[in-house]
Amino acid sequence: MTDTASAHGTMTALTLRRPDDWHLHLRDGEAMASVVGATAAQFARAIVMPNLKPPVTTVAQALAYRQRILAALPAGSRFEPLMTLYLTDTTDPAAIVDGARDRTVSAVKLYPAGATTNSDAGVTDLRRCTRVFEAMQACGMPLLVHGEVTDPEVDVFDREAVFIDRVLEPLRRDFPALRIVFEHITTREAAQYVAAAGDGIGATITAHHLLYNRNAIFRGGLRPHWYCLPVLKRESHREALVAAAVGGDPRFFLGTDSAPHPARLKEHAAACAGCYTAPHALELYATAFERAGALDRLQGFAADHGADFYRLPRNTGTIVLERHRWTVPDALPFAGDSIVPLAGGETLEWRLRLPTSTA
Ligand code: NCD
Ligand code: ZN
């Protein structure tokens with residue numbers, strides 16, 4: 001990682017190893033075609049979430065989805081989608097073993113049934129997945145968890161912390177060699193839990209959970225574009241996430257959780273959960289790291305730690321972030337609809353230089 005400084009000592013450009021996005025929603029069809037280029041411009045690889053309708057539950061579906069993503073990439077893109085399977089009560093352990101062997105499946109995603117967008121087919125009882133977890137332990141395939149309980153009795157702001165006690169801790173006790181990514185963590189409890197656990201558990205952190213606390217959802221009116229799951233938490237949690245992201249622990253890494261929904265379904269009586277951050281993800285992360293005085297830690301978080309956890313080679317080639325004030329567009333085209341990127345209309349101080357290096 002190299003810096004370029006101005007005469008006044010302010011950093012004006014930052015060169016990083018090409019980063020990866022370890023948690024991404026691309027959707028399918030026209031919607032996917034309208035967002036995939038944004039991610040390919042920023043990231044070399046991405047872990048692609050399987051919560052389509054219907055979900056991606058078999059290796060054949062994952063391969064077909066991968067082909068559709070590749071076919072939709074803008075000409076000249078160098079981007080590798082890493083595919084995941086959606087864990088159900090009936091996932092076949094043999095498929096996991098096959099998928100791991102030929103690297104067609106990078107991970108398996110656990111959505112507690114009903115936890116979030118398109119999660120109705122999720123697992124109802126983890127005891128039904130024993131043989132799958134044993135197969136995953138044996139081949140080292142990571143289990144990605146949406147870490148929220150779905151119990152309607154539990155306060156929405158407590159669902160992640162309760163998930164640790166009720167689900168994650170028992171799961172790790174029963175399957176001590178299972179490699180786990182605690183996805184899009186949002187609380188101090190989750191950051192502390194991962195920090196205190198062994199090598200086999202990592203966590204992704206979104207840019208929006210580093211930049212905003214829950215006040216953003218209520219600033220001058222109800223702001224649906226700041227509504228995602230797990231929902232933004234109070235400031236002390238945001239501070240704990242920033243400390244984890246910039247702290248250098250290799251088990252914390254970048255996962256945007258960019259989750260595109262058309263503006264008309266976000267600006268709705270029952271607004272969909274999800275923040276669309278793919279087009280300006282690195283700029284948002286750079287903003288958060290700079291505020292923490294830790295731009296020197298961005299490469300580890302964005303480009304090194306995730307690859308190491310997934311046991312994949314780090315990328316070659318670099319990207320350059322330049323200090324350049326620009327305004328995030330208010331809206332972008334989205335499959336015949338429009339989509340509002342997070343922080344639309346706001347100014348950012350960093351901008352990715354395009355095109356990326358050809359190394
Ligand atoms: C995601 C989506 O829309 O697919 N939404 C979100 O708020 N993050 C689902 C998810 O990751 O929970
Ligand atoms: Zn997600």
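These are my notebook entries on a few spots I looked up in this predicted model.

**Ground rules**

Residues count from 1 along each chain as its sequence is written, while chains are lettered from A and ligands numbered from 1 in the order in which they are written. The model is predicted, so local features need pLDDT of at least 70 and side-chain atom pairs count only at pLDDT 80 or more, though totals for chains, interfaces and linings use all residues; side-chain values use heavy atoms, with hydrogens and water left out.

I note that helices (H or I, at least four residues) and strands (E, at least two) are DSSP runs, numbered from the N terminus.

**Entry 1: the zinc ion**

I started with ligand 2, a zinc ion. Its protein donors are His23 (NE2), His25 (NE2) and Asp257 (OD), at 2.0 to 2.1 Å. Donors here are N, O and S atoms within 2.8 Å of the metal (3.2 Å for Na, K and Ca), and water is not among the atoms, so sites may look incomplete. Along the sequence, I read the spacing of the donor residues as H-x1-H-x231-D.

What is the site like, going by the angles among its four donor atoms? I found 93 to 143 degrees, and the site is irregular. For four donors, tetrahedral needs all angles between 85 and 135 degrees; four count as square planar and six as octahedral if opposite donors are over 155 degrees apart and all others between 65 and 115, and anything else is irregular.

I also checked His23 and His25, and both are buried. Buried means under 20% relative accessible area, exposed over 50% and partly exposed in between (1.4 Å probe, protein chains only).

**Entry 2: H6 and H8**

Next I looked at helix H6 (residues 188–196) and helix H8 (residues 235–246). Their axes come within 8 Å and cross at roughly 30 degrees. The axes are lines fitted to C-alpha atoms, for helices over the stretch in contact, and angles run from 0 to 180 degrees between N-to-C directions. H6 and H8 are therefore roughly parallel; the cut-offs are under 35 degrees for roughly parallel, over 145 for roughly antiparallel, 65 to 115 for roughly perpendicular, and oblique for the rest.

Which residues meet? Arg188, Glu189 and Ala191 on the H6 side are in contact (heavy atoms within 4.5 Å) with Ser236, His237, Ala240 and Ala244 of H8.

**Entry 3: Glu80**

I found Glu80 in strand E5 (residues 80–86). Its relative accessibility is 37%, so Glu80 counts as partly exposed. Ignoring neighbours within four places in sequence, I see Glu80 touching Ala44, Arg45, Ala46 and Arg66. Glu80 sits 33 residues from Ile47 in sequence, with 9.0 Å between their C-alpha atoms.

**Entry 4: H10**

Is helix H10 (residues 281–291) mostly covered or mostly open? It is mostly covered, as nine of its 11 residues are buried, including Leu282, Tyr285 and Phe289. Gly293 follows H10 and has a positive phi, near 65 degrees.

Most residues other than glycine have a negative phi, and most peptide bonds are trans. I went looking for exceptions.

- The bond from Lys53 to Pro54 is cis, with omega near -5 degrees, and Pro54 is in the loop between strand E4 (45–48) and helix H2 (59–72).
- Leu229 and Pro230 are also joined by a cis bond, omega about -10 degrees.
- Ala335 has a positive phi, near 50 degrees, and at 30% relative accessibility it counts as partly exposed.
- Ala343 has a positive phi too, near 65 degrees, but Ala343 is buried, at 1% relative accessible area.
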